[in-house]
Amino acid sequence: MSAQQQVIEDVVIKFAGDSGDGMQLTGQQFTNNTALLGIDLATFPDFPAEIRAPQGTMAGVSGFQLHFSSSKVFTPGDSCDVLVAMNAAALKANLKSLKTGGKIIVNTDGFDSKNLRLANYTDGVNPLDDNSLDGYEVTKVDVTKLTREALKDFTDLGTKERDRAKNMFVLGLFYWMYNRDLQNTIDFLDEKFGKKESILQSNIKVLQAGYNYGDTTESFTTRYTVEKAKLPTGKYR
């Protein structure tokens with residue numbers, strides 16, 4: 001089943017996770033990709049409240065908000081249309097800024113009993129199961145499991161090294177959702193990891209896996225296009 005194509009004027013996306021989940025890099029790469037298409041944008045990197053905060057806690061949540069549009073953009077957006085939550089703390093910290101009826105894409109691996117406890121959910125109550133998110137469009141994706149599965153042949157990489165590529169899966173999925181090309185991020189990875197062949201190829205493999213997941217799963221039925229902004233010609237700084 002092929003996804004429906006929908007042209008939209010603008011969208012605000014918030015990528016959020018633990019400080020080690022690479023959400024800043026994900027946001028920056030999606031931003032670069034957007035700028036190359038001539039779409040107007042504004043960004044807001046949201047860094048953790050504490051340096052070296054315990055993993056999985058509210059204080060350690062890192063985010064990157066991106067507002068892009070085919071019209072002139074003036075702010076990163078007061079509230080977001082789409083929230084990516086890599087763990088329970090990321091959801092709890094950012095749910096208040098998501099529009100009613102907005103989309104939530106969660107990494108289900110980040111909602112185990114330990115993550116729920118660290119995020120201070122009462123008695124381990126899982127927000128993915130208690131109907132508290134009924135006002136939103138929630139899509140559950142086991143990003144961690146799918147990333148490890150994509151890298152099963154990279155036997156020289158340990159579990160921790162494989163899990164570092166989770167952000168590439170998310171990026172690939174969003175490139176599919178918003179009709180983007182992977183090449184500029186592949187070029188970035190080649191420049192960054194060109195001397196570390198296994199790291200380079202694993203990141204590319206997971207980026208492609210995220211894209212292909214969007215293409216093959218029935219969880220996503222619509223792809224979105226934001227057209228090039230029609231702005232006056234001139235020098236922009």
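Reply: Strand β5 (residues 80–85) and β6 run parallel and are joined by 5 bridges. This is a predicted model, in which local features need pLDDT of at least 70 and side-chain atom pairs count only at pLDDT 80 or more, while totals for chains, interfaces and linings use all residues. Residues are numbered from 1 along each chain as its sequence is written, and side-chain values use heavy atoms, with hydrogens and water left out.

Me: Which residue in β6 is the bridge partner of Val84?
Reply: Helices (H or I, at least four residues) and strands (E, at least two) are DSSP runs numbered from the N terminus, and two strands pair if DSSP finds at least two bridges between them. Cys80 stands opposite Leu98 in β6. For Val84, the bridge partner in β6 is Ile105.

Me: In what order do the 6 strands of the open sheet lie?
Reply: Strands of a sheet pair through backbone hydrogen bonds, either parallel or antiparallel. Here the pairing is mixed, and the sheet is open with the order β3-β4-β2-β5-β6-β7. The strands β3 (40–46) and β7 (137–141) each pair on one side only, which makes the edge strands β3 and β7.

Me: How are α1 and α6 oriented to each other?
Reply: Two packed helices are described by the angle between their axes and the distance between the axes. Axes are lines fitted to C-alpha atoms, for helices over the stretch in contact, and angles run from 0 to 180 degrees between N-to-C directions. For α1 and helix α6 (residues 166–177), the angle is about 30° and the axes are 9 Å apart. Angles under 35 degrees count as roughly parallel, over 145 as roughly antiparallel, 65 to 115 as roughly perpendicular and the rest as oblique, so α1 and α6 are roughly parallel.

Me: How are α1 and α7 oriented to each other?
Reply: The axes of α1 (residues 23–36) and helix α7 (residues 183–193) come within 9 Å and cross at roughly 130°. Leu25, Gln29, Asn32, Asn33 and Leu36 of α1 make the contact (heavy atoms within 4.5 Å) with Asn184, Thr185 and Phe188 of α7. The angle therefore makes α1 and α7 oblique.

Me: Is Thr139 buried or exposed?
Reply: Thr139 has its place in strand β7. Not counting residues up to four places away in sequence, Thr139 touches Ile104, Ile105, Val106, Ser219 and Phe220. With a relative accessible area of 10%, Thr139 is buried.

Me: How many Å apart in space are Leu157 and Ile199?
Reply: Leu157 is found in the loop between α4 (143–150) and α5 (159–163), and at 6% relative accessibility Leu157 counts as buried. Leu157 touches Arg162, Ser198, Ile199 and Ser202, not counting residues up to four places away in sequence. Leu157 and Ile199 are 42 residues apart in sequence, and their C-alpha to C-alpha distance is 8.4 Å.

Terms used. Buried means under 20% relative accessible area, exposed over 50%, partly exposed in between (1.4 Å probe, protein chains only).
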